[in-house]
Amino acid sequence: MRAFCISFLLMFGTTVVAQISSKPITEVSQKELESVVLIDVRTPEEFAAGHLEHARNINWYDADFAAQMATIDKEETIYLYCKMGGRSAKAQEKLKALGYTHVVNLEGGYASYEFFRKE
């Protein structure tokens, strides 16, 4: 029954949200998440306490944040997240200013993506 409820919510929950919200809805499957550039911009301590699978930790507060990001192709699609969404939104703006063309902020932060957590 639980699996049915989760499947139902996954299939139809986004439809309801899409009708209420003016923002576009994008779903990312586990397989897609494995093949994208996923960056956790939280501190190393936060990352060590738990993170999304396949995420790379690049701390927003590091003085060399931009230099660490420079190892990633500016044409790649980059997904960013933090604890609640504030730092990743700032990092998204910074990366856009640096010429990155496809940067996605995972709104709501780490807590919103519990199905993909690795603890």
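1. Welcome to this structure. Buried residues make up 30% of the 119 residues in the protein, where buried means under 20% relative accessible area, exposed over 50% and partly exposed in between, with a 1.4 Å probe and protein chains only. The accessible surface comes to about 7,700 Å², and 58% of that surface belongs to carbon and sulfur atoms; these areas come from the Shrake-Rupley method with a 1.4 Å probe, and for residues only the protein chains shown count as cover.

2. Please keep in mind that this is a predicted model, in which local features need pLDDT of at least 70 and side-chain atom pairs count only at pLDDT 80 or more, while totals for chains, interfaces and linings use all residues. Residues are numbered from 1 along each chain as its sequence is written, and side-chain values use heavy atoms, with hydrogens and water left out.

3. A word on confidence: pLDDT is the predictor's confidence in each residue, from 0 to 100. Its mean for the protein is 79, and 66% of the residues reach 70 or more. Over residues 1–25, pLDDT stays under 50, and the model has 9 contacts for them beyond four places in sequence; a contact means heavy atoms within 4.5 Å.

4. For the overall layout, you will find 5 helices and 6 strands. Starting at the N terminus, the order of elements is α-α-β-α-β-β-α-β-α-β-β. Helices (H or I, at least four residues) and strands (E, at least two) are DSSP runs, numbered from the N terminus. Of the contacts with a separation of 6 or more, 59% come from residues 24 or more positions apart.

5. Just after α5, G99 takes a positive phi of about 100°.

6. Which residues of α5 are buried? They are R87, S88, A91, Q92 and L95. These residues cover an arc of only 140° around the axis, so they sit on the same side of α5; the arc is that of the directions from the helix axis to the C-beta atoms. An α-helix has 3.6 residues a turn, so residues three or four places apart point the same way. The buried residues of α5 pack against α3 (44–49), α4 (65–69), β4 (77–81) and β5 (102–105). On the face turned away from that buried side are the exposed residues K90 and A97.

7. The structure holds 2 aromatic pairs. In one, the ring centres of W60 and F65 are 5.0 Å apart and the planes stand at 75°, so the pair is edge-to-face. W60 counts as partly exposed because its relative accessibility is 21%, and F65 counts as buried because its value is 3%. Y81 and Y110 form a stacked pair, with 6.2 Å centre to centre and 20° between the planes. This pair links distant parts of the chain, 29 residues apart: Y81 lies in strand β4 and Y110 in the loop between β5 and β6 (117–118). Both Y81 and Y110 are buried. Rings of Phe, Tyr and Trp (its six-membered ring) pair if their centres lie within 6.5 Å; planes under 30 degrees apart count as stacked, over 60 as edge-to-face and the rest as tilted.

8. Finally, have a look at V37 in strand β1 (residues 37–40). V37 counts as buried because its relative accessibility is 18%. Leaving aside neighbours within four places in sequence, V37 is in contact with I72, E76, T77, I78 and Y79. V37 and E76 are 39 residues apart in sequence, with their C-alpha atoms 7.3 Å apart in space.
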